[in-house]
Amino acid sequence: MELFSVRVVAVNQPDLEQQVKQNRMNSTGFEAFSEQLCDFILRSTASFCSSQRAQADTGDEFNDLAVKLFEIQYQSVSAYRRWCDIRGKNPGNVKAWDQVPAVPTAAFKELDMTAIEPAQRTTVFYSSGTTMHRPSKHWHSPVSIKTYERSLLAWFRPHMMPEIGSDQDASYLWLALTPPPNLAPHSSLVHMLGTVMAEFGGKETVFAGQPAPDNIWLLDHEKACKTLERAAMVNTPVCILTTAFHCVELMEYLDKHKRAVRLPPKSRIMETGGYKGRSRQIPKKDLLSMARDLLGIEPSYCVSEYGMTELSSQAYDLVAGSGNDTTDVEQSLAQRCFRFPPWARIRIVSPETGRPVTIGEPGLLQVYDLANVYSVMAVQTEDLVVPKEDGFQYINRSPGAEQRGCSLMAK
Amino acid sequence: MNLPDYFLADLPSSTELSSTLITEACLTLKRNRERYLVQRSTASLIGAIAAVAADWLNPENPFRRTALEKGPAATGFSRETLETGLDTLFKTITPESLQLLVLQDLGHVDRLERLTGSEIEPGSSRLAIAKGPELLVHITAGRLPNPPIMSIVLGLLARAAQFVKCASGTSFLLRLFGHSLREVEPKLGACLEIAEWKGGNEALENALFAQADCITAMGEDSTLAAIRPRVPPQVRFLGYGHRVSFGYVAREVLDYHLFAKTVAAAAHDVAAWDQLGCLSPHLFYVETGGRYSPDNFAEQLATELDRLERVQPRGQLSPEAASAITARRSFYEVRAAFSTDTKIWMSQESTSWTVVYENDPQFQFSCLNRFVYVKPVQNIEQALRGADTVRGRVATVGLAAPSTKEHDLAHRLAVWGAARVCPLGRMQSPPPTWRHDGRPSLGDLVVWTDWERCERSFL
C-alpha cells in the first residue's frame, strides 16, 4: 500500500524570470478580479444590511469568484502552486470553492505566500509572538492594501456602526488601546483600527498604546482612563477598539484604582482575541461583566472580532446594540456566533480525519477569503471552533493542547 | 465485573473527600500494617506479589478481562495496546526478578527481617537491617499504570502501608490492580488505599503529608516544585520529574539482515502505551553510512507504524490532542514541500501515526501519541551534542548496535548521563531492578540500622 508522504527529490529553483513574466500577464487578471470582488462586496453588504443574513443567495457567485481566484493564485504564487501540485489539485480539477487546497498558517511563516513582486511590496504585516517563533508574513502592495481596506470597512460598518445613516447616528470618541499605525506598521490589527478610525472617527481619535519589542505593545493606562473620564463628562459616547487582553488590563486598572466610569449610552467595544499563544485566557463572560460594571457598557454593545495576519477579512459575533435587550451576560453569550462576510466562507474539519464536522462537533477552522486576492485564499487555521448555523463559536483552547517544547519547532 | 466499594477511588465521583476522612484512612492503614504486614517474610511477600502478577497473565482472570473490556473507554488506550502493555509489565514481575531486586538494593534477601551480613561483610563484624516506611504516599501522574503499580510492588516489599493518590481520570487500572491484590491477599489489600483527586487540593494533601514518613511524587517539574515546600521536613521526598527518552541506531545494523527487525523494534517502542511514557522515544538518532540510509529507516518506520495501527491501534484523542498533531504535521508538510532536509509520512484520514525525517540533530520534543522524529547523525558525538538541551533528563536510550560497538556506545551514554540503556524494542519494559531515574527504587525507600559487632575478645 502506498503511504502518503510529502517530500521532494530535488528542489527545483523556480524560474524567476518566467515567474515575473507570468505575474505581469496575471496582473490584469488580478485587477479584473479585484473589481469584481469590490462589486460583490458592495452588493452583498447592502443585502446584509437589509436582511441581516450574511450568506443569503450569494452561493453561486461566491463559487465562481473562488474558482477564478484559485486559478490566478495557482499561476502566480509559486509556493502555493507547489503545495497544490503535491495534492494533485489544479485549475483543471478544482470546480468548487471547497475543493481549493488550504494552506496552513505555518506556510505564511516559512514562505512568501504572495503574488506581489518584491519591488511592489510596500507593506508587510507580521503576526505577533515571541522572537523564538518566526512570524507569519502577509505582503501588500498599494493596490492590494486598498482591497483589504475596502473589505474590512465593508464588514466593520454594519457590525460596529449599524446606526450610520439612520436617525440613531451619533458622533463618537474613538479610543484604540494600541499604538498608532505609524508606530506599529507591521500589525494588521493596528492598520485595521487606523483605517476604521480614519473613516469613521469624528471628533476625536486617541491611540493609548505604546510599541514594545516583538510586535506587541504596552497600554498607557492613564491616557486611556483620562480619555474615558473626559468622554463621560462631556457625554460623548465612546467606541473602544482593543485586544481582549488589553481590554481586561484596562478594566482591572480602573477597578484597582476605583475609577470605574459610566460611559454614555451607545458606547461600545470591539475586542479581538489578539495575540495567539498569550498565556492568559480570559473567559468571555468575565470580560462582559467587567465592561458592564466598570465602563457601563452593556453586553449587547461588546462585540468580539476574529481575524488574523494571514487573512484579510474578519468575523464578528454580534451587531452592536442588537440581540434581545439583555443585560444578562450568559444569555448574550449563548446567542452569539462569529460570522465572516459573504466574500469569506468557512469549513470546519475534524482534526482527526480532516473531514467536515457536524453541527456541535468541534473542529479546525478553514477560511476561504476572497479578499486575500494577492496571497492565498484558502487558509487552514489552528483554531478549534464549533459550527453554528451560519458561523462558528470559538472554543477556549485547553492549556494542554500543545505539548511542552513546541517552541523548539521554529528556528 | 463490578468492583465493590473498598478503596476511596471506588466511591462515586460525586463523593466529597474530607481531610478527616484522609487522616482516618491513613491511621487505619498504619494499624493494618502493624497487624498484617510487618511480620510477613520477604519471601512470602515476593510469592504473593508474583502470584498476583502471574494471575494477570491468565486470559480468564476477571480483573484482566475487565481491564481489556472497559479499559478503552476508561483510559483512552485501545484494547490491544492495553493487552500488550499489561502483559509486558506483569511478565517482568516474577519471584526471580523480585529476589534479584531485594538482593541488588539491599544486599541480602532477609535484610528487611533481621540483622544480616552480606557478601562483603560476611556476618562477622558488621550486620545491618533495613526498614521500610510506616506510611508511604505516592502522588502519581500520567495515564500509564506501570509507574503506580511498580510503586505499590516496591512499597509492599518494603512492608509499608501505602496511600496512592492518582491524577484525576487515571484510577481505573489501579483500582483493578488493587482489587486483584485484595482478592488474593485481603490482609495485604487492607494496607493499601487508592484515591483520586485533582492535584493541588491542599486540605486533602496536607492531611496526607502529615501522616506520611515517605512520599514519592511523579509529574511535571512544576508539580514537584509545588509539592516539595509542603512536605514536612522529617518526611523523605522522592521526586521523579519530567524525563524524555530516545533511540540510537548504529549503521552496522542498517544492513540487509537486521534492518527490518531493527525498525520493527523501534516501531514497537513508539506504539507501546501510545508513546506516552517517560521511557517512550521522542526520536531516533540514526547513523548515516549504513547500507540503508536514515531516510530509508524513516520510511520503513512509517510502514511499520502503519502495520501496527491495524493490529494495535492508537487510542482515541480529544480534539485538542488531535489538533496538536495536525498543527505539527502542517508545519512539517510545508517544510517538506520545499526542502530535502525534511520529509514526512502520515496516516491518512487520521492522526494515528506520523514520522518526520529532519536533517538536524537538534533534539525535538514530540507531541506524542505516535508522532516520532528520525534524525540522521554521523556518530554518537553529534547526537549527544544535539541532545544537549535534554542532558540530565534522559530516562532511557534504546540502542541498536552490533556487539563490537555496543559496549562503547553504552559507556559513552552512561558517562553523558543517560539513566538507562537498553535494546531497541524494550524501552517500555524495564525489569523491577530498574533504577528509576538512576536511583535504587527499593533502596531509596528504606532506612538502615547498622550493628558494628565487637571482635572476639578475651573480655
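Predicted model: local features only at pLDDT ≥ 70, side-chain atom pairs only at ≥ 80, totals over all residues.
**Around helix H3 of chain A**

- After H3(A) comes Gly88(A), which has a positive phi, near 70°.

**Strand E14 of chain A and its neighbours**

- Strand E14 (residues 363-369) of chain A is largely enclosed by the rest of the structure, because seven of its seven residues are buried.
- Strand E13 (residues 344-349) of chain A runs antiparallel to E14(A), and six bridges join the two. Here Val349(A) has Leu364(A) as its bridge partner in E14(A).
- Strand E15 (residues 378-388) of chain A also runs antiparallel to E14(A), joined to it by five bridges. Gln380(A) in E15(A) is the residue opposite Gln366(A).
- Arg345(A) has its charged end over the ring of Phe62(A), 4.9 Å from the ring centre.

**Aromatic pairs**

- Over all chains, the structure holds 33 aromatic pairs. One of them is formed by Tyr306(A) and Phe392(A): the ring centres are 5.3 Å apart and the planes stand at 80°, so this pair is edge-to-face.
- That pair links distant parts of the chain, 86 residues apart, with Tyr306(A) in strand E11 (residues 302-306) and Phe392(A) in strand E16 (residues 391-394) of chain A.
- Tyr306(A) is buried at a relative accessible area of 4%, and Phe392(A) is buried at 0%.
- In chain B, Tyr256(B) and Tyr292(B) form an edge-to-face pair, because their planes are at 90°, with the ring centres 5.9 Å apart.
- Tyr256(B) sits in the loop between strand E7 (244-249) and helix H11 (259-271), and Tyr292(B) in the loop between strand E8 (281-287) and helix H12 (294-311) of chain B, so their pair ties together parts 36 residues apart in sequence.
- Tyr256(B) is exposed, at 58% relative accessible area, while Tyr292(B) is partly exposed, at 26%.
- Back in chain A, ring pairs link Tyr306(A), Phe338(A), Phe340(A), Phe392(A) and Tyr394(A) into a cluster.

Notes: Residues numbered from 1 in each chain as written. Chains lettered and ligands numbered in written order. Heavy atoms only, no water. Helix = DSSP H or I, 4+ residues; strand = E, 2+ residues; numbered from the N terminus. Buried < 20%, exposed > 50% of the residue type's maximum accessible area, 1.4 Å probe, protein only. Pairing = 2+ DSSP bridges. Phe/Tyr/Trp six-rings, centres within 6.5 Å; stacked < 30°, edge-to-face > 60°. Lys NZ or Arg CZ within 6 Å of the ring centre and 35° of its normal.
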